[in-house]
Amino acid sequence: MKKLIVVIGIVLTLITPVHAKSAGISSQSKTIFIGSSFTLSLKNTKKKVSIAYAKGYASVRRLSKTSFRVTGKKAGKTTISLKLKKKTYKCRLKINDFVYFKAVGVRKTFTNKKVKFVKGDTAYTLLKKSNLSIKKTGFGKFVYVTTINGLREKQYGPASGWTYRVNGKLPNVSSAVYKLKAKDHLEWRYVNYN
């Protein structure tokens with residue numbers, strides 16, 4: 001009797017159907033910079049997938065039957081849809097404009113990266129967005145940055161402190177006044193004129 005139970009158990013295991021994994025999109029939401037790319041694909045299928053997107057915001061290149069290379073073209077929000085038969089899979093895409101941002105201390109670069117840019121940003125607001133720790137004096141148009149990442153004004157002598165440059169030039173106005181443009185190169189640098 002015990003042998004019969006074991007045999008029935010094995011037969012039931014073999015008859016039980018194995019469910020295939022259902023298709024799914026590789027990313028339901030993504031944030032990128034203009035000019036940056038990522039791969040969007042439909043997982044768990046080998047069938048050819050079609051794509052629908054707003055051509056003004058992104059460009060797309062097919063990599064395989066199921067995957068695409070998506071590149072940001074214009075700042076804004078859009079949706080990219082992958083279609084398989086009658087089913088649609090969506091990825092919410094946010095594309096940001098940017099400024100190249102660099103902060104250089106004494107023998108050390110604190111950061112060198114792209115930072116999200118919004119029209120109206122100044123050299124000071126971009127510094128705040130960079131997530132570096134900062135201290136300042138003044139307010140409004142009269143902001144003066146005294147410390148970045150613990151490196152203080154006058155720490156290396158009475159004529160040492162922080163300055164900023166935009167596209168290699170040293171503006172003669174407060175960082176809180178200087179309005180940036182997309183893709184500007186903003187550099188905060190600790191200088192020592194002693």
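**Rings, strands and a pocket**

Trainee: How many aromatic pairs does the structure hold?

Mentor: This is a predicted model: local features need pLDDT of at least 70, side-chain atom pairs count only at pLDDT 80 or more, and totals for chains, interfaces and linings use all residues. Residues are numbered from 1 along each chain as its sequence is written; side-chain values use heavy atoms, with hydrogens and water left out. Rings of Phe, Tyr and Trp (its six-membered ring) pair if their centres lie within 6.5 Å. The number of aromatic pairs is 7.

Trainee: What class of pair do Tyr 156 and Tyr 190 form?

Mentor: Planes under 30 degrees apart count as stacked, over 60 as edge-to-face and the rest as tilted. Here the ring centres are 6.0 Å apart and the planes stand at 70°, so the class is edge-to-face.

Trainee: How many residues apart are Tyr 156 and Tyr 190?

Mentor: Helices (H or I, at least four residues) and strands (E, at least two) are DSSP runs, numbered from the N terminus. Tyr 156 is in the loop between strand 12 (151–152) and strand 13, while Tyr 190 is in strand 14 (residues 185–192). The pair links distant parts of the chain, and the separation is 34 residues.

Trainee: Is Tyr 190 buried or exposed?

Mentor: Buried means under 20% relative accessible area, exposed over 50%, partly exposed in between (1.4 Å probe, protein chains only). Tyr 190 has 8%, so it counts as buried.

Trainee: Which residue in strand 13 forms an aromatic pair with Tyr 190?

Mentor: This pair is edge-to-face, 5.4 Å centre to centre with 75° between the planes. It spans 28 residues of chain. Both partners are buried, and the one in strand 13 is Trp 162.

Trainee: Which Phe belongs to the cluster with Tyr 156, Trp 162 and Tyr 190?

Mentor: Ring pairs link four residues. Beside Tyr 156, Trp 162 and Tyr 190, the cluster takes in Phe 110.

Trainee: Which Lys lies over the face of Phe 98?

Mentor: A charge sits over a ring if NZ of Lys or CZ of Arg is within 6 Å of the ring centre and within 35 degrees of the ring normal. Lys 74 does this over Tyr 57, at 5.0 Å from the centre. Over Phe 98, at 4.4 Å, the residue is Lys 114.

Trainee: Which element gives the most to the lining of the largest pocket?

Mentor: On a 1 Å grid over the protein atoms alone, a pocket is an open set of points where a 1.4 Å probe fits, with protein on both sides within 12 Å along at least five of seven lines; lining residues have an atom within 4 Å of a point. The lining has 13 residues, and those nearest the centre include Tyr 144 and Trp 162. Strand 11 and strand 13 (160–166) each give two or more. With 3 residues, the top contributor is strand 13.

Trainee: Which residue in strand 11 is the bridge partner of Ile 134?

Mentor: Two strands pair if DSSP finds at least two bridges between them. Strand 10 (residues 134–137) and strand 11 (residues 144–148) run antiparallel, with 4 bridges. They form a hairpin with 6 residues between them, and Gly 138 in the turn has a positive phi of about 75°. The partner of Ile 134 is Ile 148.
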